[in-house]
Amino acid sequence: MEKLDTMMLADDLALSQDKILSGEQSFDAEAVYKVIDNLGVLNNPIKDYFDMTEEQYYEAESDHMLTLLDLSDKLVNLHDRILTNHVDGFVDKDEINLTYNHEDPYSDDMYNAEVDYHVLTYSLKVIGAVQLVAPKDLQEVLSKDAVLSLGLATYALAQNA
């Protein structure tokens, strides 16, 4: 069932986007954290990273996709996000390729919840599609920084709800 959870959550978030962003519907951060933890990509539960500094994460686990500018700052203050935006390859040959790009929900120093929401929903759709057909490959190819970005986007959305 965990494989379907990611896709179902992505679909639910996409359908509820307008209501959640307008404040008409609550945002269930705990459901997202559960899905992130169930991916099995990060070494620790996602909530453990929120009090970590950029330097601690960089030295312990980062795959160096995130742009870390202030190593003494907490990860929750990081403005860079990694969007998982595409998958290709051959499942039968164990060749799964994910592509990523950077997003900044704080451009012009103003928080834009739509950017984090897009990072979250779009990434979960791509990740969920791979998880359905190649869960073991997903754990090997999915960027830790991209998974952390899901948690950071979720945290920011919950704080700004």
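Buried means under 20% relative accessible area, exposed means over 50%, and partly exposed lies in between (1.4 Å probe, protein chains only). By that rule Tyr106 is buried, because its relative accessible area is 16%. This is a predicted model: local features need pLDDT of at least 70, side-chain atom pairs count only at pLDDT 80 or more, and totals for chains, interfaces and linings use all residues. Residues are numbered from 1 along each chain as its sequence is written, and side-chain values use heavy atoms, with hydrogens and water left out.

**Aromatic pairs**

- Rings of Phe, Tyr and Trp (its six-membered ring) pair if their centres lie within 6.5 Å; planes under 30 degrees apart count as stacked, over 60 as edge-to-face and the rest as tilted.
- The structure holds five aromatic pairs.
- Tyr49 and Tyr57 form an edge-to-face pair, because their planes stand at 80°, with ring centres 5.9 Å apart.
- Both Tyr49 and Tyr57 are buried.
- The pair of Tyr106 and Tyr111 is tilted, because the planes sit at 45°; the ring centres are 4.9 Å apart.
- Tyr111 is partly exposed, with a relative accessible area of 22%.
- One aromatic cluster is formed by Tyr33, Phe50 and Tyr155.

- Ser149 lies in helix α6, residues 144-159; helices (H or I, at least four residues) are DSSP runs, numbered from the N terminus.
- Ser149 counts as buried, at 0% relative accessibility.
- Leaving out residues up to four places away in sequence, Ser149 touches Leu66, Arg81 and Ile82 (contact means heavy atoms within 4.5 Å).
- From Ser149 to Gln17 the C-alpha to C-alpha separation is 18 Å in space, and they are 132 residues apart in sequence.

Conventions: Helices (H or I, at least four residues) and strands (E, at least two) are DSSP runs, numbered from the N terminus.
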